[in-house]
Amino acid sequence: MNLKLARCPRSVSSPSHDSCVERVHDMFMFLPLLLNCYTYQAVIPTASSHALSRLFRALTAVFLHLMEHLGTSSQTAGIAAADADSAADVDGSDGAGGRMERTVPSEHQDRTSNQQQQTSSATSGVLDKLFGKQLLLARHYINSRKSWLKMVPTENCDILMTFPDTIDDHTLLWLLNQIRVGIPQVSIQVRQHKHTRAHAFFITTTFENLLRGAEQMGMYKTVKPQFGGGMRRFSWEENNIYENIESELCFFTSQERQSIIKYWLDNLRAKQGEMLHNIHFLEGQPIIPELMARGVIHQMFPLHEQRILNQLMTSWVQAVCERQPLDDICDYFGVKIGLYFAWLGFYTNSMLYPAVIGFLLWILAEADQTSQDICCVVFALFNVVWATLFLERWKRREAELAYRWGTLDTPAESLEEPRPQFRGVKRWSPITGCQEFYYPPWKRALFRWLVSLPVCLLCLCFVFLAMLLCLQLQEVVMEIQELPGITRFIPKILLAITVTVCDEVYKKIAYWLNDMENYRFQSAYENNLIIKMVFFEFINSYLSLFYIGFYLKDMERLKE
């Protein structure tokens with residue numbers, strides 16, 4: 001764990017100049033504060049330099065004013081001591097560069113000491129008038145245990161973890177120690193934004209640790225042709241058989257680096273009796289997801305690479321009538337995003353056939369009802385055949401991409417790693433003989449039948465009642481002839497707003513219910529979440545159409 005902190009300058013003063021010199025050193029403490037402040041280069045742009053220029057001019061004016069009342073030699077020594085000490089690092093020397101030799105006062109200095117003591121109070125009043133409490137706050141801010149870092153390149157970061165500006169030192173140090181002990185492979189650099197005062201952890205790791213992590217995750221990598229080619233689960237002992245293993249920059253993509261580090265962070269678990277303030281962790285409970293749910297961690301996300309984004313912008317976003325760079329999308333965003341856009345492009349291209357056939361049948365259909373019915377039957381039969389062929393062709397295309405991207409042989413449920421958010425009690429597995437987390441299935445079933453199902457039915461009832469109110473309001477509006485014509489669209493707008501709001505609210509409810517059901521594997525978690533979301537969104541979006549078409553049988557309103 002590499003943690004570099006910017007050191008605070010020590011106060012160097014003489015007994016006869018305590019009051020005024022203390023103000024000078026307040027300024028010396030404030031200057032490194034300005035110099036060490038910085039912005040997150042990957043998140044927020046650099047602030048304007050005009051405000052800093054005005055602030056430095058004000059500090060310079062006050063500084064020159066103080067120089068008139070202090071001995072030049074002591075001031076020069078104080079500046080040298082402050083500069084040398086502020087440049088020191090925590091893991092450096094014992095601060096010898098910050099020390100300075102005390103000079104023997106001369107007769108002239110003895111005569112002027114009384115005058116300096118008299119003017120020190122006046123100088124303090126000038127500082128207080130110009131800056132108020134800012135200097136005192138600056139000294140308190142630096143002397144506290146805040147984690148000040150020397151500036152490092154943003155490129156040395158894979159995962160960024162941000163915190164709210166109200167976080168205290170104890171929480172930062174506690175989490176820092178947990179990561180340092182639990183994940184010794186990562187390197188963390190702590191920074192603080194100079195405007196929002198929010199802290200952030202810049203997390204990265206070395207190439208050797210990434211190789212170890214790839215083996216832990218079971219990541220698939222391409223094998224050299226002389227060793228058989230294809231994709232194979234990465235093994236540290238046989239790392240020489242993989243392509244580009246000699247290049248640290250080319251072997252792992254940015255997405256693979258970030259996924260390995262995130263895998264470590266998500267699997268950082270608490271020990272028995274672990275607690276942070278009023279947060280009591282269960283034994284084996286993931287620390288990072290719990291702190292994110294409690295608001296201790298604001299967010300955790302990977303950083304973009306501008307060079308790759310520019311390439312994708314040229315070859316993908318700005319390209320017209322060209323194939324999608326699916327391999328580049330998969331390498332940068334991951335397999336799930338790559339498969340999504342692969343399906344989206346495949347579906348869009350496949351829709352061309354029913355669009356052409358439907359357009360031709362629409363032209364050939366005559367004005368009489370018989371020809372229109374014949375064309376509808378033909379188009380319906382074509383859609384049945386087209387849908388079947390579409391699914392079969394997509395299965396083949398999906399298998400091709402899965403083999404190319406190394407996800408064809410996904411581990412079975414018995415070999416799948418538990419979710420980091422999975423909670424349970426530790427026990428010895430009767431199958432493997434190893435310790436594992438166990439959650440009784442009857443608890444999950446009880447929650448699903450007594451909580452999840454009633455909540456889902458209650459949401460559907462609310463949607464049905466909201467739809468009825470909108471339809472009744474539309475009937476009332478249609479019956480009143482004196483109202484302007486634009487008012488007939490108000491119930492429809494309200495219905496559209498209701499559908500959208502209900503979708504967003506139910507999405508949060510579905511995630512909460514799924515989290516409480518506490519599924520062991522990610523595949524089971526996603527499958528049950530999809531069932532909840534699709535079931536509700538289908539009813540929420542199409543219930544009004546089925547109600548008007550099959551219950552009211554009002555074709556005119558249905559066409560509207």
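Predicted model: local features only at pLDDT ≥ 70, side-chain atom pairs only at ≥ 80, totals over all residues.
## The chain as a whole

The protein chain holds 18 helices and 10 strands, and of its 560 residues 37% count as buried. Its accessible surface comes to about 33900 Å², and 61% of that surface belongs to carbon and sulfur atoms. When contacts between residues at least 6 apart in sequence are considered, 66% of them join residues at least 24 apart.

An unreviewed UniProt entry lists residues 341–365, 371–391, 446–469 and 529–552 under "transmembrane region". In the model, residues 341–365 are 92% helix and 0% strand, with the end C-alpha atoms 36 Å apart, while residues 446–469 are 100% helix and 0% strand, with the end C-alpha atoms 34 Å apart.

S1 pairs in the antiparallel sense with strand S3 (residues 199–205) over four bridges, where Leu160 has Phe202 as its bridge partner. S1 also pairs in the antiparallel sense with strand S8 (residues 299–302), over four bridges, and there Ile159 stands opposite Pro302.

Seven of the seven residues of S3 are buried, so this strand is largely enclosed by the rest of the structure. Both of its faces are covered, with His199, Phe201, Ile203 and Thr205 buried on one side and Ala200, Phe202 and Thr204 buried on the other. Strand S2 (residues 186–192) pairs with S3 in the antiparallel sense over seven bridges, and Val190 stands opposite Phe201. S2 and S3 form a hairpin with six residues between them, and in the turn Arg197 has a positive phi of about 65°.

## Salt bridges

Side chains of opposite charge can pair when their charged atoms come close. A search of the whole structure finds 13 salt bridges, and one of them joins the side chains of Glu246 and Lys224, at 2.9 Å from N to O. Glu246 lies in the loop between strand S5 and helix H8, and Lys224 in the loop between strand S4 and S5, so the pair ties together parts that are 22 residues apart in sequence. Glu246 counts as exposed, at 60% relative accessibility, whereas Lys224 counts as buried, at 13%.

Another salt bridge links Arg404 and Asp327, whose closest N and O atoms are 3.0 Å apart. Arg404 lies in helix H14 (residues 369–404) and Asp327 in helix H11 (residues 326–333), so this pair ties together parts that are 77 residues apart in sequence. Arg404 is partly exposed, with a relative accessible area of 35%, and Asp327 is partly exposed as well, with 33%. Through shared partners, salt bridges join Asp327, Arg397, Glu400 and Arg404 into one network.

Key. Residues numbered from 1 in each chain as written. Heavy atoms only, no water. Helix = DSSP H or I, 4+ residues; strand = E, 2+ residues; numbered from the N terminus. Buried < 20%, exposed > 50% of the residue type's maximum accessible area, 1.4 Å probe, protein only. Contact = heavy atoms within 4.5 Å. Areas by Shrake-Rupley, 256 points an atom, 1.4 Å probe, with all protein chains shown as cover. UniProt positions renumbered as here; feature names shortened; annotations may be inferred. Pairing = 2+ DSSP bridges. Salt bridge = Lys/Arg side-chain N within 4 Å of Asp/Glu carboxyl O.
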